[in-house]
Amino acid sequence: MAELFQFELVSPERQLLSEQVVEVIVPGTEGEFGVLKNHSPFMSTIKPGLLKVRAQDGGALTEYFVRGGFADVAPGGLTVLAEQAIPVADLDRDELAQQIKNAEEDLKDAKDDDSRLKASDLLSQLNDVQNAIIPA
Amino acid sequence: MPSLKDLRNRIASVKATQKITKAMQMVAAAKLRRAQEAAEAARPYAERMGEVLANLAVAFDGRDDAPKLMSGTGSDQVHLLVVATAERGLCGGFNSNIAKLARDHARSLLADGKTVKIICVGKKGYDVIKREFGSHVVKVIELRNVKRLAFSDAHTIGEELLSMYGAGEFDVCTLFYSRFQSVIAQIPTAQQLIPADLPVAEEASEAASASAVYEYEPGEAEILEDLLPRNISVQVFRALLENAASEQGARMSAMDNATRNAGDMIDKLTIKYNRQRQAQITTELIEIISGAEAL
């Protein structure tokens, strides 16, 4: 029996989730990482992607689309602050497509290497998300 | 002396006004509840953000390589005032209180020889500000068509501020809004956005010991640089939500007063009407009696 820990998913508009969970997989900027109970204190920014929550031992993963923000692993639990956080079931495919289009335009408009790099990163991350949820 | 018919008309018109103010009060009460819920829902995010930033800021306090959003540009010559007010009137002193605070602030800055730029969020504040500082207003943002305030609205304003700051158009940015304390108390507040005003001093030592064991990915500096711009939008968002709740609260109490005043007025007019009616009856009676006596 895996131990439970407190997990909070907060967007600026509301608190989406505040409950005891077994495992959370967070899309960190430098790679995905999983959090279990008693994870060492750790802080990371997040990239657009899917955040997966396992509420019960051996239970199914609930997925959320998150974008922009950071994850804070404290001794008390994990808090993810995301500028945008939507349960995948409620995610609007059209909106995602729109975001991808915006990112494509940003890439086209980018003037220097730095912003071009940023835009292409964002675009590929968003495409990953789209590929991940389309079969679902 | 108004005639009986005039009085009747007045009573009818005040009654109609009372119905309107009563309805507005109830609408404001319903909207207030929603606005309050939204403001409360946004609180955890803003609070956590503040804690994390305070933690990170300790490490950079007083260092030369601290991000510009935190340390400032090194001068305080050009001040940008962001005045957030409502889009609609009829809410008591709400708009004028915020505008007054911003005006006093702008006056004292100008007296010190600083340059003042103003961004108005909301039409009502602009109406007041433009009278004295029309030439200082660089931008007016209207949120008239926004039914439910979303984070993206605040984000747009935040981005605007950041790009202006990046272009070196101002040194210090102060946000004016009304903090919601209760239905009857809204406090006009000035909050410094840029350079970020972080509560470094108080819990510094305590926070430092807590953050000492933290691991950061990517580095501390990158996270701080990522968070500070986000923090601007979050602060703007929170201010707008507080403002929305304050506006409805102010409107509710203003309309409550108006309804009560209309009630008092109706009572007074009714008494006047009855008196006059009685006087008229008495006059008519006297006329009849004296006519009968004359026969």
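# A walk through a predicted two-chain model

B:A196 counts as buried, because 21 C-beta neighbours lie inside 10 Å of this residue. The cut-off for that label is 20 or more such neighbours.

B:A196 sits in the loop between β5 (186-194) and α6 (204-211) of chain B. Leaving out residues up to four places away in sequence, B:A196 touches B:L69, B:M70, B:L228 and B:N231. A residue that B:A196 can be set against is B:V27: the two are 169 residues apart in sequence, and their C-alpha atoms are 37 Å apart in space.

The loop between β5 and α6 of chain B also holds B:P195. The peptide bond that joins B:I194 and B:P195 is cis, with omega at about -5°. Most peptide bonds are trans, and most residues other than glycine have a negative phi.

Two residues can be read against the second part of that rule. In chain B, B:L90 is not a glycine, yet its phi is positive, near 55°. B:L90 belongs to the loop between β1 (78-84) and α3 (94-111) of chain B. Its 15 C-beta neighbours inside 10 Å are the reason B:L90 counts as partly exposed. In chain A, A:N38 has a positive phi of about 65°, and A:N38 is not a glycine either. This residue lies in the loop between β4 and β5 of chain A. A:N38 counts as exposed, because it has 8 C-beta neighbours inside 10 Å.

Which residues have the most contacts inside the largest nonpolar core? They are A:V80, B:V82, B:V83, B:A84 and B:F176, in a core of 94 residues. Helix α7 (residues 220-294) of chain B contributes the largest share of this core, 17 residues. In soluble globular proteins, nonpolar side chains tend to be buried together. For B:V82, the contacts beyond its neighbours within four places in sequence are B:I119, B:V121, B:C173, B:L175 and B:F176.

Helix α4 of chain B, residues 123-133, has its own set of buried residues: B:K124, B:G125, B:Y126, B:I129 and B:F133. An α-helix has 3.6 residues a turn, so residues three or four places apart point the same way. The buried residues of α4(B) pack against β1, α3, β2 (115-121) and β3 (137-141) of chain B.

Chain A is divided into domain 1, residues 5-89, and domain 2, residues 92-133. The C-alpha centres of these two domains of chain A lie 22 Å apart. Six residues of domain 1 of chain A are in contact with seven residues of domain 2 of chain A. On the side of domain 1 of chain A that touches domain 2 of chain A, four residues are nonpolar, one is polar and one is charged.

Within chain A, strands β3 (residues 23-28) and β4 (residues 31-35) pair in the antiparallel sense over five bridges. The two strands, β3(A) and β4(A), form a hairpin with two residues between them. In this pairing, A:P27 has A:E32 of β4(A) as its bridge partner. In a regular strand the side chains alternate between the two faces of the sheet.

An annotation covers another stretch of chain A. An unreviewed UniProt entry places the feature "coiled-coil region" at residues 86-120 of chain A. In the model, residues 86-120 of chain A are 71% helix and 6% strand, and the end C-alpha atoms of the stretch are 23 Å apart.

The last topic is where the two chains meet.

Three bridges join β5(A) to strand β6 (residues 215-217) of chain B, and the two strands run parallel. In this pairing, A:F42 stands opposite B:E215 of β6(B).

Notes. Residues numbered from 1 in each chain as written. Chains lettered and ligands numbered in written order. Predicted model: local features only at pLDDT ≥ 70, side-chain atom pairs only at ≥ 80, totals over all residues. Pairing = 2+ DSSP bridges. Helix = DSSP H or I, 4+ residues; strand = E, 2+ residues; numbered from the N terminus. Domains from an automatic or database assignment. Contact = placed C-beta atoms within 7 Å. Nonpolar A, V, L, I, M, F, W, Y, C, P; charged D, E, K, R; others polar. Core = buried A, V, L, I, M, F, W, Y, C linked by C-beta atoms within 7 Å. Buried ≥ 20, exposed ≤ 12 C-beta atoms within 10 Å, placed from the backbone. UniProt positions renumbered as here; feature names shortened; annotations may be inferred.
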